[in-house]
Every structure is written in C-alpha cells, then in structure tokens.
Amino acid sequence: MRPRQDPLSGTGTLRPIPSAFFDRPTATVARALLGQWIVAGPRGAPRIARLVETEAYVARDRANHAFRGPTPRNRTMFGPPGRWYVYRIHQVHCANVVTRPGEAVLLRAAEGISPGLGPLNGPGRLARAFGLTREEDGRSATRAAVRLVLAPPPPERVVVGPRIGIRHGARRRLRYALHGVAAVSRPRPPGWARVVT
DNA sequence: TCATTGATTTGCT
DNA sequence: GCAAATCAATGAT
C-alpha cells in the first residue's frame, strides 16, 4: 500500500476526519470544527479556508429545520452523520454538517488560507466560495470534492454566544467562534460572547 | 393551488 | 439601524 498522497505539500498533519467525529453531541461538534479546514477542488491546487464560526441546531429546537420531522428538504438531516445538509434561503445557500439524527452544525464563517480567498464572513458567502449548493446535499462532508479536514490545530480561545438571524431559539447560546478573529460574521462589541476555552 | 416565511445579504438613511 | 430583494419550502385551503 503506497502512502497516502498529501493533498497539500508541507502540511503533513492534514488528514481526513473520522466519521465518529460527527457522532457526538452537536454543540461539541460545532466547537470542535472551529479551526478545521474546508477544502475544495483538485488535489494539486485546492481551495482552502479555516472555519472560524459555527452554530449548533439541536433536538427540540424551534429554529432547527428538522424540528417538525423529515421533509423533502431536510431528509439528509435524518441520515448518517458527516454528510452535507445544504439548503437555500432567499437567494443564497447555507451549508451544514449532519451530526446525530435531526441535528446539524451550520458553517457560518471561515477565513481564506488559499491566496486570494478573503474573509468568508457569513454562511452565504462561505457556501458560495466552495460551490456548496443543493447539488452537494447528502454527499459526504469528509470524502467528497468539497470536504472538511482536520487541520494542524493552533490552540485558540473559543467564544460562545447566542445564535443570530433566527426568530425562535435565538437566546440559546449555541454560536461558537474563534476569539478575536476578524472573519467572524456580524461581529459584536466586546462581551457579546463568553470565552470558554 | 395559495399565502406565508425565512439559519441572508446588500444598500440606503 | 432598517427595509428590500426574491424564491423555494412548507403548511394551509
């Protein structure tokens, strides 16, 4: 067996995410995804960004698309963990990763690592930058052309605050972000969130 | 088939 | 800070 080809020369610690990563409480996954990388495109010239903001959508959560059970739109949320759940709202797409049945993590912001890829501050801009549409809904978020990978993790502080942009459940503190990162969407004044690590 | 809603973004005041 | 854009999904009729 030949050694796995490293998609990024010089980043030897880059490795696929095991599916067990997503089979954990959704808030845990949302937090664990911070600092990990989203990768798209050819192995030779991938497009890469670092996740800096996520939100958890959990059971018995009125803001969760799965709240009322399976529908044609949300059916992948009831499938295996580690798949993309992508939906469209207004004129943009938002990308989530499925965790446990009926729960998912919304990817809210990332910062470009590839040259020319700026701050992706907002779920719509993030999904668009990586070509995530309804076409990708249901595909593996760890093995497909657009995928998440474990990055060499620099230890960083994580902040938690209320979710934003929703009517119901907006008070729940299920929004996670890397502390002090500029690419976080809709930044709040100091104190909007609590440092937890 | 109809009406309502929205996990957003943008532009204007 | 606020409203409009703009349309698919959803639930009601």
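## Burial and surface

In this predicted model, 49% of the 197 residues of chain A count as buried. The accessible surface of chain A comes to about 10,300 Å², and carbon and sulfur atoms account for 53% of that area.

## Fold and dimensions

Chain A contains 2 helices and 11 strands, which follow one another along the sequence in the pattern β-α-β-β-β-β-β-β-α-β-β-β-β. The radius of gyration of chain A is 16 Å, close to the 16 Å that the globule rule gives for 197 residues, so the chain is as compact as a globular protein of that length.

Where contacts in chain A link residues at least 6 apart in sequence, 61% of them join residues at least 24 apart.

## Charged side chains

Chain A carries 33 positive and 11 negative side chains. The centres of these two sets lie 3 Å apart.

T99 sits in the loop between β5, which covers residues 92–98, and β6, which covers residues 104–112. With a relative accessible area of 1%, T99 is buried, because a residue counts as buried when that value is under 20%.

The side chain of T99 makes a polar contact with the side chain of T26, at 2.6 Å.

Technical notes:
Residues numbered from 1 in each chain as written. Chains lettered and ligands numbered in written order. Predicted model: local features only at pLDDT ≥ 70, side-chain atom pairs only at ≥ 80, totals over all residues. Heavy atoms only, no water. Helix = DSSP H or I, 4+ residues; strand = E, 2+ residues; numbered from the N terminus. Rg over C-alpha atoms; globule rule 2.2 N^0.38 Å. Buried < 20%, exposed > 50% of the residue type's maximum accessible area, 1.4 Å probe, protein only. Contact = heavy atoms within 4.5 Å. Areas by Shrake-Rupley, 256 points an atom, 1.4 Å probe, with all protein chains shown as cover. Lys, Arg positive; Asp, Glu negative; His and termini not counted. Charge placed at Lys NZ, Arg CZ, Asp CG, Glu CD. Polar contact = N/O pair within 3.5 Å; in protein donor to acceptor, adjacent residues only side chain to side chain.
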